[in-house]
Amino acid sequence: MKNSPPSWIQRVLERFLDDHLFNGIYGDLLEAYNKNLENKGKVYADWKFFVSTMGFFRYFRLLSLKSSNSSNGIMILLSYI
């Protein structure tokens, strides 16, 4: 959709978060996205959505990953971003 956040970010969150965490976090991110979309436009809202999502992963150090075996590789990858 034209006025929705990038779908690949939703897929990343779905992959790494348990369902109960995903619903709450994605809902909060989506609420902020819609507010930014109204006030600042699509480009800014998409950028802020991406930055907020990556900030979430960095802040929580990927503790809530579904698979603990992949956490080291993902943490290394995100540290380069």
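Buried means under 20% relative accessible area, exposed means over 50%, and partly exposed lies in between, with a 1.4 Å probe and protein chains only. On that scale Phe50 is partly exposed, at 23%.

The model is predicted, so local features need pLDDT of at least 70 and side-chain atom pairs count only at pLDDT 80 or more, while totals for chains, interfaces and linings use all residues. Residues are numbered from 1 along each chain as its sequence is written, and side-chain values use heavy atoms, with hydrogens and water left out.

**Aromatic contacts**

Rings of Phe, Tyr and Trp (its six-membered ring) pair if their centres lie within 6.5 Å; planes under 30 degrees apart are stacked, over 60 edge-to-face, and the rest tilted. The count comes to five aromatic pairs.

| Pair | Centre to centre | Angle between planes | Class |
|---|---|---|---|
| Trp8 and Phe50 | 5.9 Å | 50° | tilted |
| Trp47 and Phe50 | 5.8 Å | 40° | tilted |

Helices here are DSSP runs (H or I, at least four residues) numbered from the N terminus. The pair of Trp8 and Phe50 links distant parts of the chain, since Trp8 belongs to helix 1 (residues 7-16) and Phe50 to helix 3, 42 residues apart. Trp47 and Phe50 are three residues apart in helix 3, which means a separation of about one helical turn. Trp8 is partly exposed, with a relative accessible area of 41%, and Trp47 counts as exposed at 54%.

One aromatic cluster is formed by Phe22, Tyr26, Tyr33 and Phe49. A charge sits over a ring if NZ of Lys or CZ of Arg is within 6 Å of the ring centre and within 35 degrees of the ring normal. Lys40 meets this rule over the face of Tyr44, at 5.5 Å from the ring centre.

**Cavity**

A cavity is a set of points on a 1 Å grid over the protein atoms alone where a 1.4 Å probe fits but cannot get out; lining residues have an atom within 4 Å of a point. Points are joined across faces, edges and corners, and a volume is the space filled by probe spheres set on them. The search of the whole structure finds one cavity of 30 Å³ or more, and the largest cavity has a volume of about 30 Å³.

The lining of this largest cavity consists of Leu29, Ala32, Tyr33, Asn36, Lys48, Phe49 and Ser52. Helix 2 (19-40) and helix 3 (42-60) each supply at least two lining residues, and helix 2 gives the most, with four. By type, the lining divides into four nonpolar, two polar and one charged.

Conventions: 1 Å grid on protein atoms, 1.4 Å probe; cavity = no way out; pocket = protein on both sides within 12 Å on 5 of 7 lines; lining within 4 Å. Nonpolar A, V, L, I, M, F, W, Y, C, P; charged D, E, K, R; others polar.
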